[in-house]
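Here is a briefing on one model, grouped by topic. Have the sequence and the 3D view open side by side.

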Amino acid sequence: MLNDKVVVVTGGAGALGRGFVAAIARQGGTAIAADVNIEAARQVADEWQAQPGGGSVVAAELDITSKDSVCALIGSLQARFGRIDAVVNNAYPRNKNYGRRLEEVTYEDFCANVDSHLGGYFLVAQQFCMAFKAQGHGNLINMSSIYGSMAPRFEVYEGTPMTMPVEYAAIKSAVVHLTRYFAQYFKGNGIRVNCLSPGGILANQPADFLAAYNAHCASKGMLAAEDVVGTLLFLLSDESRYMTGQNLFVDDGFSI
Ligand SMILES: NC(=O)c1ccc[n+]([C@@H]2O[C@H](COP(=O)([O-])OP(=O)(O)OC[C@H]3O[C@@H](n4cnc5c(N)ncnc54)[C@H](O)[C@@H]3O)[C@@H](O)[C@H]2O)c1
């Protein structure tokens, strides 16, 4: 599906990013695992087992909150591959106080998390789309979440230390709308921009929480990282060539 495409995955060493990188390489692409944690990104590249017909995985250091870092990555990939076909805005920066209940979120923490996450997504989108425009083509996929579009189901968190952070709602709803903004702005330049909104992803959550969550789902319940991969590959591939400005939900029906 992605033969010879050069695809950058920011946060490529994370829970979803690792699976995305491997899937892109399995489909014949060159996957760039770009992460602020370069050691973890190198491990992702080392773990990739070359396969017949498969592509490759390259580790790269990237801080999405630094314009110098974003521009340096774009420049080095252009020098090495001659082009960049796509970028997946997938990193997940958060500060040490992220994830508190609404009453405990300070103004400073709210702003810091919006700055790094939403600001970083803007910076990556801006700089890559400018490079895409110059080369005449490009594909941007923004990772949002169902919680960028639906009101939280707070009741599923009852009895757990978890919540659905208020910063996350602000950031992810803005990511959905930035997707439309960028899609509209770059229309006619060979650039498409779409959004992928997964539901919760399995990560050893408590059984009571999973039972409450799964009661809202259609079949499997909470999905694993690999369950989201197919939709990402579709958005990256030419099979979705006439889609732009859209937001796809993958959540086993949790949000409906
Ligand atoms: N896991 C979920 O339940 C879930 C559900 C819906 C949407 N999402 C979204 O999917 C995306 C990936 O989430 P995840 O669960 O894989 O996160 P994760 O925390 O497992 O991985 C995030 C990665 O981003 C990297 N990172 C952090 N700050 C960075 C920066 N400044 N520059 C570059 N890299 C940086 C980290 O080193 C890490 O490797 C996020 O946008 C997240 O909001 C996740």
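Buried means under 20% relative accessible area, exposed means over 50%, and partly exposed lies in between (1.4 Å probe, protein chains only). The model is predicted: local features need pLDDT of at least 70, side-chain atom pairs count only at pLDDT 80 or more, and totals for chains, interfaces and linings use all residues. Residues are numbered from 1 along each chain as its sequence is written, and side-chain values use heavy atoms, with hydrogens and water left out.

**Salt bridges**

- The structure holds 4 salt bridges. The rule asks for a side-chain nitrogen of Lys or Arg within 4 Å of a carboxyl oxygen of Asp or Glu.
- Lys 220 pairs with Asp 227, with the closest N and O atoms 2.6 Å apart. Lys 220 is partly exposed at 47% relative accessible area. Asp 227 is partly exposed too, at 31%.
- Arg 83 pairs with Asp 85, the closest N and O atoms being 3.1 Å apart. Arg 83 is partly exposed at 26%, whereas Asp 85 is buried at 10%.
- Arg 42 bridges to Glu 39, with 3.2 Å between the closest N and O atoms. Both residues lie in helix H2 (residues 38-47), 3 residues apart, about one turn of the helix. An α-helix has 3.6 residues a turn, so residues three or four places apart point the same way.
- Arg 42 is partly exposed at 43%. Glu 39 is exposed at 52%.

**Helix H1**

- Helices (H or I, at least four residues) and strands (E, at least two) are DSSP runs, numbered from the N terminus.
- The expected span of a helix is 1.5 Å times one less than its number of residues. Helix H1 (residues 15-26) has 12 residues and should span 16 Å; its end C-alpha atoms are 18 Å apart, which agrees.
- The buried residues of H1 are Leu 16, Gly 17, Phe 20, Val 21, Ala 23, Ile 24 and Ala 25.

- Buried residues in H5 include Tyr 168, Ile 171, Val 175, Val 176 and Phe 182. Glu 167 and Lys 172 of H5 are also buried.
- What do the buried residues of H5 pack against? They meet helix H4 (107-135) and strands E5 (138-143), E6 (191-198) and E7 (247-250). Contact here means heavy atoms within 4.5 Å.
- Gly 190 lies in the loop between H5 and E6. Gly 190 is partly exposed at 46%.
- Gly 190 touches Gly 136, His 137 and Gly 138, not counting residues up to four places away in sequence.
- Gly 190 and Met 1 are 189 residues apart in sequence and 19 Å apart in space, C-alpha to C-alpha.

**Pockets and cavity**

- Rolling a probe the size of a water molecule over the atoms shows where empty space is left.
- On a 1 Å grid over the protein atoms alone, a cavity is a set of points where a 1.4 Å probe fits but cannot get out. A pocket is an open set with protein on both sides within 12 Å along at least five of seven lines. Lining residues have an atom within 4 Å of a point.
- Grid points are joined across faces, edges and corners, and a volume is the space filled by probe spheres set on the points.
- The largest pocket has a volume of about 1,200 Å³. It has 47 lining residues, and the closest to its centre are Leu 16, Tyr 92, Arg 94, Tyr 98 and Tyr 168.
- H1, strand E2 (30-35), H4, H5 and helix H6 (207-214) each supply at least two residues of the lining of the largest pocket.
- The second largest pocket holds about 260 Å³. Of its 16 lining residues, the closest to its centre are Arg 101, Phe 154, Met 162, Thr 163 and Met 164.
- There is 1 cavity of 30 Å³ or more. The largest cavity holds about 40 Å³. Residues lining the largest cavity include Asn 89, Tyr 121, Asn 142, Val 175 and Phe 182.
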